[in-house]
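Here is a short walk through one structure. Keep the sequence and the coordinates side by side as you read.

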Amino acid sequence: MDTALESNPHRRFNILTQEWVLVSPHRTKRPWQGKTETTEEKEHISYDESCFLCPTNERIGGEVNPDYKGTNVFTNDFGALLSETPTFNYEKGLLKAAGESGICKVICFSPDHSLTLPDMEIPAIVNIVDTWQREFLELGSLRNINYVQIFENKGAIMGCSNPHPHGQIWAQHAIPTEIEKKTATQHTHYKLYGNTLLEDYVQQELEENVRVISQNDSFVTLVPFWAVWPYETIIIPKRPMATITDLSNKEREDFAHQLKTVTQKYDRLFDTSFPYSAGIHQAPTDGLAHKEWHWHMSFYPPLLRSATVKKFMVGYEMFAMPQRDLTAESAAEKLKSL
Ligand SMILES: [Zn+2]
């Protein structure tokens with residue numbers, strides 16, 4: 001690692017979004033006197049009769065969950081997007097809006113209320129990946145759906161109201177802002193070099209080998225050079241693939257292993273059920289080939305230096321740009337060692 005980056009304040013560039021993050025490694029030793037969050041107690045009951053996601057229980061909307069054994073998918077009773085929304089454009093002077101239709105689904109990862117991803121066996125995680133693939137294919141093939149976002153919010157600190165292991169899928173007509181940015185940067189790189197941007201990035205990270213925390217035949221997990229969150233990680237397939245539907249059986253299993261490894265490391269980092277927001281970015285489902293797209297999964301965890309100290313995006317970060325003290329290399333070294 002370049003020593004200039006180890007000790008001096010500097011900006012780092014995110015090649016996928018073309019945004020900058022301010023890194024201040026000289027500040028990592030300052031004392032902490034701020035707020036601490038209470039540690040989240042892990043639930044240990046396999047079935048909770050008051051949980052809306054447990055098998056055979058009634059949901060808020062009145063429907064009853066099946067007695068499912070693997071994953072269970074249903075349309076969110078209170079989704080942010082609705083499939084029946086009419087198409088309309090609103091323009092008045094400088095004001096602009098448009099009707100937006102879509103579908104919001106919930107995926108229960110397991111019938112067991114107490115489990116989280118790091119606790120699950122590999123076949124159970126493969127089954128989750130399988131469900132993601134099926135839902136992506138099905139939702140993405142709908143005529144009015146141009147993008148499918150798969151994500152998981154884990155932990156009350158991340159605004160997740162229910163500890164039952166689950167994630168979400170929001171599918172919509174418009175291509176969201178983050179995807180528009182990443183499509184543009186990947187397209188530019190692909191046109192120039194004939195390789196995907198992440199294919200070349202993975203190559204460089206494997207050569208440098210300072211931010212890689214885990215890898216197998218098909219995937220590498222690393223702390224991206226431009227990480228914003230203290231222990232942010234990204235799982236990238238080594239082979240270029242536009243979407244998760246391109247995964248072979250072997251690759252699906254390799255992906256499951258990386259998911260288990262990174263979430264296990266997270267839980268061990270501060271000896272807590274580690275909260276995060278994780279999401280898969282993939283090519284839009286707008287009918288174009290998107291050879292430039294190289295899908296990846298990002299984990300954005302809010303914890304900073306213990307199970308009770310959270311990073312806040314306030315002040316300078318709200319008004320100017322994200323900032324971090326811990327370098328990506330230090331975070332990677334720590335995660336790798338666990
Ligand atoms: Zn439950």
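Threonine 75 is partly exposed because its relative accessible area is 45%; buried means under 20%, exposed over 50%, and partly exposed in between, with a 1.4 Å probe and protein chains only. This is a predicted model, in which local features need pLDDT of at least 70, side-chain atom pairs count only at pLDDT 80 or more, and totals for chains, interfaces and linings use all residues. Residues are numbered from 1 along each chain as its sequence is written, and side-chain values use heavy atoms, with hydrogens and water left out.

Threonine 75 sits in strand 3, residues 72-75. Helices (H or I, at least four residues) and strands (E, at least two) are DSSP runs, numbered from the N terminus. Leaving aside residues up to four places away in sequence, threonine 75 touches Arg59, Ile103, Cys104 and Lys105. Contact here means heavy atoms within 4.5 Å.

Now the metal site. Cys51 (SG), Cys54 (SG), His113 (ND1) and His164 (ND1) coordinate the zinc ion at 2.0 to 2.3 Å. Donors are N, O and S atoms within 2.8 Å of the metal (3.2 Å for Na, K and Ca); water is not among the atoms, so sites may look incomplete. Why is the arrangement tetrahedral? The four donor atoms subtend angles of 106 to 115° around the zinc ion, and four donors count as tetrahedral if all angles lie between 85 and 135 degrees. Cysteine 54 is buried, at 0% relative accessibility. Histidine 113 is buried too, at 2%.

Last, strand 11. Isoleucine 235 lies in this strand, residues 233-237. Isoleucine 235 counts as buried because its relative accessibility is 0%.

How values were computed. Tetrahedral: all angles 85-135°; square planar, octahedral: opposite > 155°, others 65-115°.
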